[in-house]
Amino acid sequence: MSAVTALLAEAPHSAPVHDVSGYIGWTIGLLVIVGLVYWLMRQGWQWRRTIQSGLPELPVAPKHTTETILDLEGRYLGTTTAGNWLDRIVAHHMGDRSLAELTLSAEGLKVVRPASADFFVPVAALRGARTDQRLAGKVVPEGGLLVITWEHGGTLLDSGFRSDHPAEHENWVIAVEVLMRAHAKVSGTSGAAVTSGPGNSTSIDISKEGA
């Protein structure tokens, strides 16, 4: 009997059988949760598009502009209502993050987005520029964002950009300040007032006389 027992002990054993029904249940549950989150996100964007439907179509750049003051290559991170870094604008594809090329001229700011709609900020619509570290739910190191404040359809907006070389941001703040001052002088509006933006970042703002 002992010999038989030894032979049985040495015989190969079959692998233990696992009950996969539990794994299948967890997988299905996880997929349902992911699908629900995705659906809620889409519903949120649709709701934002609905409430922002009154925002006019984005301005387009003129066919001919004067000499370029500055240009920049980097990323467009999004647009929010001015002063509210989480209130994203999604109308007219403004919520689409993408690569971007910026060109500043006497006519205004041209934004080219290869993966989405281009837009243009006329010089008369510029309201300020600053460096910052957060916009549209995106947080970067301090000074890592260039934020342009502009007016469109009676709404003040903040558009955020991140240059491939963030050290360029300060030059853009200065250039926008100079451009706004020059336009204010020509158009008869008041001079630029330097204010403190969110996070104690530098910003420049233009207001019309009597405003």
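Phe161 is buried, with a relative accessible area of 1% (buried means under 20%, exposed over 50% and partly exposed in between, with a 1.4 Å probe and protein chains only). The model is predicted, and local features need pLDDT of at least 70, side-chain atom pairs count only at pLDDT 80 or more, and totals for chains, interfaces and linings use all residues. Residues are numbered from 1 along each chain as its sequence is written, and side-chain values use heavy atoms, with hydrogens and water left out.

**Aromatic residues**

- Three aromatic pairs are present in the structure (rings of Phe, Tyr and Trp, the last by its six-membered ring, pair if their centres lie within 6.5 Å; planes under 30 degrees apart are stacked, over 60 edge-to-face and the rest tilted).
- The pair of Tyr76 and Phe161 is tilted, because the ring centres are 5.6 Å apart and the planes stand at 55°.
- This pair links distant parts of the chain, 85 residues apart, with Tyr76 in strand S1 (residues 70-81) and Phe161 in strand S9 (residues 155-163) (helices, H or I of at least four residues, and strands, E of at least two, are DSSP runs numbered from the N terminus).
- Tyr76 counts as buried, at 0% relative accessibility.
- Phe119 and Trp150 form a stacked pair, at 5.8 Å centre to centre and 10° between the planes.
- Because Phe119 lies in strand S4 (residues 119-122) and Trp150 in strand S8 (residues 145-152), their pair ties together parts that are 31 residues apart in sequence.
- Both Phe119 and Trp150 are buried.
- One aromatic cluster is formed by Tyr76, Phe119, Trp150 and Phe161.
- Arg113 lies over the face of Tyr76, 4.6 Å from the ring centre (a charge sits over a ring if NZ of Lys or CZ of Arg is within 6 Å of the ring centre and within 35 degrees of the ring normal).

**Nonpolar cores**

- The largest nonpolar core has 28 residues, of which Leu102, Leu109, Phe119, Ile148 and Trp150 touch the most other members (a core is a set of buried Ala, Val, Leu, Ile, Met, Phe, Trp, Tyr and Cys residues joined through side-chain atoms within 4.5 Å).
- Elements that each supply at least two residues of this core include S1, strand S2 (98-105) and helix H3 (169-187).
- H3 gives the most to this core, with six residues.
- Another core, of six residues, lies apart from it and has among its members Leu77, Leu135, Val140 and Val147.
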